[in-house]
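Okay, hi everyone, thanks for making time.

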Amino acid sequence: MANPTIKYYPVGNGDMSLITLEDGTRILVDCKLTAKSDESTDPKICDVKKDLLNSLQKRSGNYFVDVFILTHGDRDHCHGFKDNFYQGDPAKYGQEDREENRIIMDTMWFSPMIAEQYTNDDEDAHQCEAERRLDLHRNNHPDKDKPGNRIKIIGYDSNKEYKDLNHLRAVPGDVVTRFNDKNQETFSIFIHAPFKIHLDSPDKDKNSASIVFQARFKAYSWKSDFCCLAMFGGDSDHTTWAQILERTKRFKNDVNQQALSWDLFLAPHHCSWSFFNDTSEDDVQATSLEALDYARNREAKVIASSKKIVNNDDNPPYADAKKEYIKKLSSEDKFLNTAVEPNESAPEAIVFDITANGPARAPKKTTGSAWASAGGAGAAGTIITQG
Amino acid sequence: MLHSNSLQPYAGELSVEIQSAIQEISQYFEIPNPKVLILDKRRIVVPVTYKVSLPNMGAVDGINIGEEEPMLIQLSLNKYPHTAPFILSDRKDFPRAWLSHLYFTTDDEPARLCLVRNSPHEWFATIKMRDFLDVGGQWLYKAATGQLDEDGAEFDPTRLEGNISSKHIYRYDLINEVVSENQRFVSDLPAALFVGGQLLKAGDIYAYQTNAAVPFIAFEIVHNAIVRLSKEEDQDHGANPVFTFVFWDPDSAIDDLYLTSRPKNYGQLKMFFSLRGIDLHQALLKFEGLGAITRLGLPIIFAIKRPRKVIGYKGNYEFINFLIISPTGGIGALDDSDEIWLQSHIEPFSKNIASYLSARKQTPATLYIGAGSLGSKLILHDARSGNLEIGICDDGKMLPHNLTRHELFADQLGQNKAQALADIIRQFYSADNTAKIAAIKSSAIYLDSEFQHYQRIVDTTASVQVMNFLLSKQLPANIRYYKAEIADEGALGLFYAEGYDRNPRMDDLVNLACFYATKNEKLRTWRMNDAQREVTSLNVGLGCSSTTSVMADDILSFHGGIFSRILSKAVTQDSADMSGIVAVSSLDETKGFPSISTEYIEVSAFEVLNCKAGSGWEVRLTSGIKEILLNNCKQYAPKETGGVLIGIANYKTKTIHVFDIISEPQGSHGTCSGFVRGTLGLPAEIDAIKKVTGDVIGYIGEWHTHPMNLKRLSARDEETIAELVELNRTVPIPTCALIVTPDELLVYVQE
């Protein structure tokens, strides 16, 4: 069987990551699919839709992901959801959906926080689809457990109550080992956030209520240690991380579950300063630095899913945040920015093979033909000015 | 610890292509001034450093691959770019024993990466240097992350390419079974003895073959037989019998390391065996003492037990094949410096391999009638795809002019064709039971009990005699009769398959093909050409039927290929309601370059009627005509209606085939008591049919209705038949009258 992989897509300031397990199970974390991205001929724009479709499996000719996790409802985490993901009764998936390559989400992971505030159409579409599924489960519909109708609630309720659906729920501190109705023996997810306190606060803020989790890979089911621990922080800020540290240590999950350790750390909020402190503050919160100290070894890497990080006052990405991360890494090259990998002129997804000895970056796998090559649309799609 | 430290700089001239390659290498690895070193007289190397992305906790399984790997890009001085570069490790301590996908090299040679299956030269001919170098990086990455073996559940065998001197043919399973079960020749030695031969061609040994295990109890019989054969030196056996010696680890130890040291001489081979607990020299002396060493060439196999099933085989053992050439003084005279050769293992050709490579699932027992040029092609297509139940019936001998198109060669001139083809097929399958490959060296008309052994008859004789014989024969229920022939000077191939329970029958189909000339342009051209053709060219070996004629072998092969494919596909037809088939393959060269096409006509069962007057004639109506006639009867009732029958009569089989009807020609008039069949325009219509079918299909009888359900000829009918009989005898055709009642068809035929 092929090694599991984690793929971080270059989507500018936004997140979109695909976890592919040994058995082919695919977990998509957030999406940022801009309009017509699959038709772009500009080499500077990675065609993430095309790459995503090539990375997915088909069932009866239809693309599907096993699990779609929306960390929170901001546009840079769910852009394109409405147009690119199938919403509705999976039995009614039709020819038009197939032609539009709409992706079926076998299982949705849903945070009740998303239900509370409307900010964009994509988030609203996600909310409607989640509620459709929740209704099926609430009404004990015979099709509720079919692929395309499955749902998992992450975290606690807010205004709307889903207590009758607690059997579908995972809360911070839980370890999830079942994905899309299938138990995994070498992969699990430790849920860190969102906490109840955020969802109940009157000035709630989506970013600080992001789903935060640790993806945990084992080389063999019988092994007690993990070969890769990858942290996905959504847009969580320093206050969330302070609580994550406090709670995890309080329940001794830092030791018992290695829940704070990491080999790969997706820098929260696209490498913004908010992970280190409030934007008005220049100093760095000790808890944020402590979280970074849980890097397991000198090869640990931070991935900034953002625009190219330059020395200016933009935030995110924030140049000083990058500096803080690099201070905690063994060398500068352990900090990876999706916008410039492998190079700025033609960024590609950053892919890690999860080997028995940890994550490793696979080299380019495609080999072109020199014998019968034909130009792609690259040059033809570029305006050339000549004297 | 680097090979490159001891290599000298190359100072000679470099071709433009090599200079360009070195430039590409230097750009790829960002080396401004690459070194060019001499590997040997014919090859240079460029030292480079690959950066390898390692997992966070280092290379998987502790394999000694670093973040920077010194490598050598090897280029051929004379043959680049027509031979591929190779990527070698510059490290003398490269962990070659732990890695698959390395070529088998000696200790002092740099480890050479195997980057692609099959020929690296073919591969390099299609890719750029940059991509080639990329693949080297991928190889190192896979080695460092434990991904070299794509299927980790199986063991990748040693890559022996480039080290092979000769071939050793044997079934893996044969040796594997003996080794796995520790079936020793004598109890104190982990070894077994097998018998086989040195295969000879034109006096030279081209391969060794091992055929069967020889347990100690059978040794004397086998040995005596070999000695007896060896004395018949004047006879050409095609092979010298030899024994093969197979050894394995006495402790059945599992070895997951790749061989890094290829034994080059007898001393090194003894060491190789010694490390695995075997005193090779003593073992060979023991075999020599028993008389098991009958030739100077000694094929020796060592079985290495791998931790997993070996890729491509059914067991965990990997076999390394050696060949020792012993001196005339025997084993005792073998010197440590005597050279040792490696042999590659090849599975013998077998039914399983043939079926697999031909993607053939079913191979029904088939009797081929006719082993001429077309028959020989179909027979060998079938045999090569794994059918070992083939009967071949032909009484003809191979003659010089047959060489134009026949599959046999000049060495078979003078031999019976059926026998020669059967012999060839048996030679293909030396490792299989070929008892059911049968040659019947007589005419087909003497076939009788043989039919029960087969599920298919394939008649390629183009002989009406054979067809009539097969039509008259009561064939077993499960047999299907196929017939293939070439027509119109090779422009047309015609293939027929009878339907379930022999309906449609072969004569229905053959005549129907002619009738279809009224609908199909290619068939029309054939029929009209056939009618006008003057036989000016010599018909060689294809029989005298108008359906065969002079043509080139490639044309015949085209049709033969199509027929063979139809035969293999027809097996999948559901037998319960199996329809007949008329298949037409066309090769049209009238417009210059050939244009090809195929058409298939599915033919439903014919309606079969026997003459009510007891004449012995049978009338066979193509499907659908009965319904039309009954409908006409009903539609015109109470008046009578009628018309003529279109078809053909065969006096030999006493059969009338009806393919069409013409209803109420102009001038016809029906009443409640009779029907007058008019003639206006009818002769012209019939003539047109006759013309396009090459004078084969035409008027063949009369039909009219008896709506009042009179189930016999009326007095008027009998009078008319009497008149018609006289007229028809002049053609000649039998006189056929078909009466259509509301629920039944009745036929009356009179010659």
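First, a term we need: pLDDT is the predictor's confidence in each residue, on a scale from 0 to 100. We need that because this is a predicted model. For chain A, the mean pLDDT comes out at 86, with 86% of residues at 70 or more.

Now the overall build. Chain A has 387 residues, and 46% of them count as buried. Its secondary structure comes to 12 helices and 20 strands. If you take the contacts in chain A between residues at least 6 apart in sequence, 68% of them join residues at least 24 apart.

Let's zoom in on one sheet. In what order do its 7 strands run? Going across, you get S10-S13-S14-S15-S16-S17-S18 in chain A; the sheet is open and the pairing is mixed. At the edges sit S10 (175-176) and S18 (335-337) of chain A, each pairing on one side only. Quick reminder: strands in a sheet pair through backbone hydrogen bonds, either parallel or antiparallel. Strand S17 of chain A, residues 301-304, pairs with S18(A) in the parallel sense, over 3 bridges. You can find Val302(A) bridging to Phe335(A) in S18(A).

Last stop, the two chains together. Here 21 residues of chain B are in contact with 22 residues of chain A. On the chain B side, that's 9 nonpolar, 9 polar and 3 charged residues.

Definitions and conventions. Residues are numbered from 1 along each chain as its sequence is written. Chains are lettered from A and ligands numbered from 1 in the order in which they are written. This is a predicted model: local features need pLDDT of at least 70, side-chain atom pairs count only at pLDDT 80 or more; totals for chains, interfaces and linings use all residues. Two strands pair if DSSP finds at least two bridges between them. Helices (H or I, at least four residues) and strands (E, at least two) are DSSP runs, numbered from the N terminus. Two residues are in contact if their C-beta atoms, placed from the backbone, lie within 7 Å. Ala, Val, Leu, Ile, Met, Phe, Trp, Tyr, Cys and Pro count as nonpolar, Asp, Glu, Lys and Arg as charged, and the others, Gly among them, as polar. A residue is buried if 20 or more other C-beta atoms lie within 10 Å of its own, exposed if 12 or fewer, and partly exposed in between; C-beta atoms are placed from the backbone.
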